[in-house]
Each structure stands twice: as structure tokens, then as C-alpha cells.
Amino acid sequence: MPFYALAWTQISKRFTLNTFISVTTVSVLTEQIPAFVDISHVNPIFAAIFGGILIGVGMLIMFRHSSSLGGLGILAFYLQNRFNVRAGSFQLAVDSVILSCGLLFIAWPLVVISILAAFCLNMVISLNHRPERYFTALVEKEPVASSEDELHSELQPSNS
């Protein structure tokens, strides 16, 4: 809830509502997808790399459309917009701390695979999520007529 409060007060109401819808959708689909897709025979390294990339692309799309998956995604989006801290770099740092703590409870090969997935996910976000890509800069243009007039005056022979 503190992350939703941060989003509501510091980012935008639209972002908060979109995030709530996204989190709800992911929660519902997580329960339903195993009935349609079986990934029990996928190589774990392949799953980590391509799963990380796909989740990163999904999060990138969500960021670009003013949404996130809640929690640290909200904080990462806020830090990037407010303090110019790269969202992917922030999430990679936090994920690294969390996964390092996982070494106390989970076998190290599984943690290494999780780190690989987190790395792929966060590299997609870090290399591609730049707010300046979403807003077109307003560039003042010189009127076309004046530049044409200058060109014609330069090409005209002088009377002297």
C-alpha cells in the first residue's frame, strides 16, 4: 500500500489505476495460465534468459503506457522520473540483494538461474526505458517563407 500511495501522490492517478489493473490481471492470469501452457520440460537456463527478456519487454510496455507491476516497479518508475535514477539499474540492485539473501534458503544453482533471469529483465528495462522517448520535444522552427526569401535574395544578382 505505501507504493500505491507514492504512485497516487507523486506520479499520477492514471498510473496508479493502471498499475492496480495490471497487478490484478497478472494475479488472475498466473492462476489460469497453467491450464493452457505446460512449461515443465523447458531448459531452466533457456527459461531464465527468454523469460527475463519477455518480462522485461512486458514491463517496458507497461512503463511506456503509464503502468507498472506495483511495489518496487512503482519506486523504480518514481526514482527515474524524479531523480534520473535508471529504473533497470535500481531494480537490478534491489533484485541482487533479494537474490543474495535467497542463498540462505535456496540451492545456489537455482539462485544463479534466478540472477540470470533478473539480469536479462533489468537489462531490457535499463537499456530501453528512457522517458524522453515518450514525449516529443517541441522544437521551434523558422518559418519556411523566410528561409526561402533568404535563399532567393542570395541567388539574385546585385544591381551594383
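The expected span of a helix is 1.5 Å times one less than its number of residues, and helices here are DSSP runs of H or I with at least four residues, while strands are runs of E with at least two, numbered from the N terminus. This is a predicted model, where local features need pLDDT of at least 70 and side-chain atom pairs count only at pLDDT 80 or more, though totals for chains, interfaces and linings use all residues. Residues are numbered from 1 along each chain as its sequence is written, and side-chain values use heavy atoms, with hydrogens and water left out.

**Figure 1**
Start with the overall picture: 7 helices and 0 strands. Reading from the N terminus, the order is α-α-α-α-α-α-α. The protein has 160 residues, and 26% of them count as buried (under 20% relative accessible area; exposed is over 50%, partly exposed in between, with a 1.4 Å probe and protein chains only). Take the contacts (heavy atoms within 4.5 Å) with a separation of 6 or more: 72% of them join residues 24 or more positions apart.

**Figure 2. Helix α3 and its buried side.**
With 21 residues, α3 should span 30 Å at 1.5 Å a residue, and its end C-alpha atoms sit 29 Å apart, which agrees. Buried in this helix are A48, G52, G56, M59, L60, M62 and F63. These residues cover an arc of only 160 degrees around the axis, so they sit on the same side of α3 (the arc is taken from the directions from the helix axis to the C-beta atoms). What do they pack against? The partners are α2, α4, α5 and α6 (108-128).

**Figure 3. Helix α2, one face in and the other out.**
Helix α2 covers residues 13-32, 20 residues in total, and reaches 29 Å from first C-alpha to last, close to the expected 28 Å. Its buried residues are F15, T16, T19 and S22. Down the axis of α2 these fall within an arc of 125 degrees, so they line one face of the helix. Over on the other side, R14, F20, I21 and E31 are exposed. The buried residues of α2 pack against α1 (2-11), α3 (44-64) and α4 (72-83).

**Figure 4. The largest pocket.**
This pocket has a volume of about 660 Å³. A pocket here is an open set of points on a 1 Å grid over the protein atoms alone, where a 1.4 Å probe fits, with protein on both sides within 12 Å along at least five of seven lines; lining residues have an atom within 4 Å of a point. Its volume is the space filled by probe spheres set on the points. Of the 21 lining residues, I33, I39, G51, L54 and I55 are the closest to the centre. The elements giving two or more residues to the lining are α2 and α3, and α3 gives the largest share, 11 residues. How many lining residues are charged? There are none: the lining divides into 17 nonpolar and 4 polar residues.

**Figure 5. Two loop residues with positive phi.**
S66, in the loop between α3 and α4, has a positive phi of about 60 degrees although it is not a glycine. Is S66 buried or exposed? At 16% relative accessibility, S66 counts as buried. Beyond its neighbours within four places in sequence, S66 is in contact with S12, R14, F15 and N18.
N84 lies in the loop between α4 and α5 (87-102). Its phi is near 60 degrees, again positive in a residue other than glycine, but N84 counts as exposed, at 65% relative accessibility.

How values were computed: Ala, Val, Leu, Ile, Met, Phe, Trp, Tyr, Cys and Pro count as nonpolar, Asp, Glu, Lys and Arg as charged, and the others, Gly among them, as polar.
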